[in-house]
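This briefing describes the pockets, domains and selected residues of the structure shown below. It is intended to be read alongside the sequence and the coordinates.

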Amino acid sequence: MLQVTPLKIKGFEIVVVGRDPSSNLHAIIAVHSTTLGPSLGGIRMWPYDSEKEALQDVLRLAAAMTKKAAISGLQMGGGKAVIIGDPGTDKTRLLLRSMGAFIDSLQGKYLAAKDSGILPEDLDIVAEKTRHVTGTTKKHGGSGDPSLATAKGILAGMQAACKFALGTKTLKDRVVAIQGVGQVGWNLGNLLTQQGAKLFVADLEPSRVKRVERSWKAIGVPLSEIHQIPADIFAPCALGGILNADTIPQIRATIVAGGANNQFGDEEQDPYHLMKRNILHVPDYIVNAGGLIHLYVHEILHQRRLAPWISNIGKTVDQVLKSSFQKQLPPLIMANQIAAQKLELS
Ligand code: NAD
């Protein structure tokens, strides 16, 4: 039987913990803001060590979704969900149906989608218990996996960043180090290979690195080395917190641009530390908005053409990088100011 416990968290409209002993569900949904529209965000499944750690993650992720929608010009709010568990061993049909019932209990204030550890096929099962879910498979009437759109947006952002920092937007012969070759990293690597980039990759799962080495002639490196590759671009495409006091002094790339959400360990101090090292960071919630845009365009606006929206990501990156240079602020801090203005003006 599903038990839903509300938590009061300053700055958030809704935070609820859902537990169902019969399915082993232990999950949290956070709705940060519905100022611009209903909150839309993915479900992440991860073996968090504690509920506290999961809560911290879902709050940061939900707040980032609000900024992502605002800076991308979408009439959507920000929300996110996390399931505490290992997607490799704990993900069962019963648990996913139970998650569907949990989402349904919010009566549409949170629209679910996929995030790390969740596949479109899993969302088909979640949808057996709620209609408030996007990104189910095409067979089930959804728009399918948004990861390719996410990767296309990152590519557009990388091109804009290369133009800004290196004088030309070409990715041919550029060295790119990708951390995490799951759904986003894999699609991004395919696109970069088509552009003629030279790739280094690392992933927790050795089989994913092997698949990549076979497919694109990329070079696999140990987990601890990927951010230290002397690359044009370091692309974090795994989980958050990779840009921190330990790693920032070790980064040898000119640009950091990747799909992972919440890349800084300390979002107030670390962006300044990276800027001091003359490394250009492209804010994650701008470049990885392609997946959200895919769901918004296909399932909320019911339109087909995504390309103009994706090229807008490049334009937004260009605008933010130029403003941050003028004001001598880290790009993330600049982007936060622009997103806050958009929310205030709404
Ligand atoms: P995924 O689970 O398919 O892939 C993540 C990959 O990273 C996995 O292969 C995993 O083994 C690997 N990984 C985890 N920790 C690692 C580490 N320390 N070092 C190296 N590899 C590691 O997830 P995804 O859908 O590709 O999402 C990746 C990131 O992009 C997440 O932060 C997610 O929130 C963000 N994101 C995804 C989308 C999307 O459309 N899928 C959209 C926006 C943002």
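Domain bounds, as used here, come from an automatic or database domain assignment. This is a predicted model, in which local features need pLDDT of at least 70 and side-chain atom pairs count only at pLDDT 80 or more, while totals for chains, interfaces and linings use all residues. Residues are numbered from 1 along each chain as its sequence is written, and side-chain values use heavy atoms, with hydrogens and water left out.

- The assignment divides the protein chain into domain 1 (3-63 + 77-140) and domain 2 (147-345).
- Between the C-alpha centres of domain 1 and domain 2 the distance is 25 Å.
- Across the two domains, 19 residues of domain 1 are in contact with 14 residues of domain 2, where contact means heavy atoms within 4.5 Å.
- A pocket is defined on a 1 Å grid over the protein atoms alone, as an open set of points where a 1.4 Å probe fits, with protein on both sides within 12 Å along at least five of seven lines; its lining residues have an atom within 4 Å of a point.
- Because domain 1 (3-63 + 77-140) and domain 2 (147-345) both contribute residues to the lining of the largest pocket, this pocket lies between them.
- The volume of the largest pocket is about 1300 Å³, a volume being the space filled by probe spheres set on the grid points, which are joined across faces, edges and corners.
- Its lining comprises 50 residues, and Ser116, Gly117, Cys237, Ala238 and Leu239 lie nearest the centre.
- Two or more lining residues come from each of strand E4 (39-46), helix H1 (51-71), strand E6 (110-114), helix H4 (147-166), helix H5 (183-194), helix H6 (206-216) and helix H9 (290-300); helices (H or I, at least four residues) and strands (E, at least two) are DSSP runs numbered from the N terminus.
- E4 supplies the largest share of the lining of the largest pocket, with five residues.
- By class, the lining of the largest pocket holds 22 nonpolar, 17 polar and 11 charged residues; Ala, Val, Leu, Ile, Met, Phe, Trp, Tyr, Cys and Pro count as nonpolar, Asp, Glu, Lys and Arg as charged, and the others, Gly among them, as polar.

**Second largest pocket**

- The second largest pocket has a volume of about 320 Å³.
- It is lined by 19 residues, with Met275, Asn278, Ile279, Leu280 and Phe325 nearest its centre.
- H4, helix H7 (270-276), strand E12 (280-281), helix H10 (307-327) and helix H11 (331-345) each give two or more residues to this lining.
- The lining of the second largest pocket contains 14 nonpolar and five polar residues, and no charged residues.

**Overall fold**

- The protein chain contains 11 helices and 12 strands.
- Its radius of gyration is 19 Å, close to the 20 Å that the globule rule gives for 346 residues, so the chain is as compact as a globular protein of that length; the radius is taken over C-alpha atoms, and the rule is 2.2 Å times the number of residues to the power 0.38.
- The C-alpha trace spans about 55 × 50 × 40 Å along its principal axes.
- Of the 346 residues, 57% are buried, meaning under 20% relative accessible area (1.4 Å probe, protein chains only).
- Among contacts between residues at least 6 apart in sequence, 64% join residues at least 24 apart.

**Helix H9**

- Nine of the 11 residues of H9 are buried, so this helix is largely enclosed by the rest of the structure.
- The buried residues of H9 include Gly290, His294 and Glu299.
- These buried residues pack against E4, H1, E6, H4, helix H8 (284-287) and H10.
- Histidine 302, which follows H9, has a positive phi, near 55°.

**Selected residues**

- Glycine 117 lies in the loop between E6 and helix H3 (120-126).
- Not counting residues up to four places away in sequence, glycine 117 touches Met45, Pro87, Lys91 and Asp122.
- Glycine 117 and cysteine 237 are 120 residues apart along the chain, with 13 Å between their C-alpha atoms.
- Valine 176, in strand E7 (residues 175-179), counts as buried at 0% relative accessibility.
- Beyond its neighbours within four places in sequence, valine 176 is in contact with residues including Met158, Leu192, Phe200 and Ile233.
- Threonine 316 is located in helix H10 and is buried, with a relative accessible area of 16%.
- Leaving out residues up to four places away in sequence, threonine 316 touches Ile71 and Ile286.

Conventions:
Buried means under 20% relative accessible area, exposed over 50%, partly exposed in between (1.4 Å probe, protein chains only).
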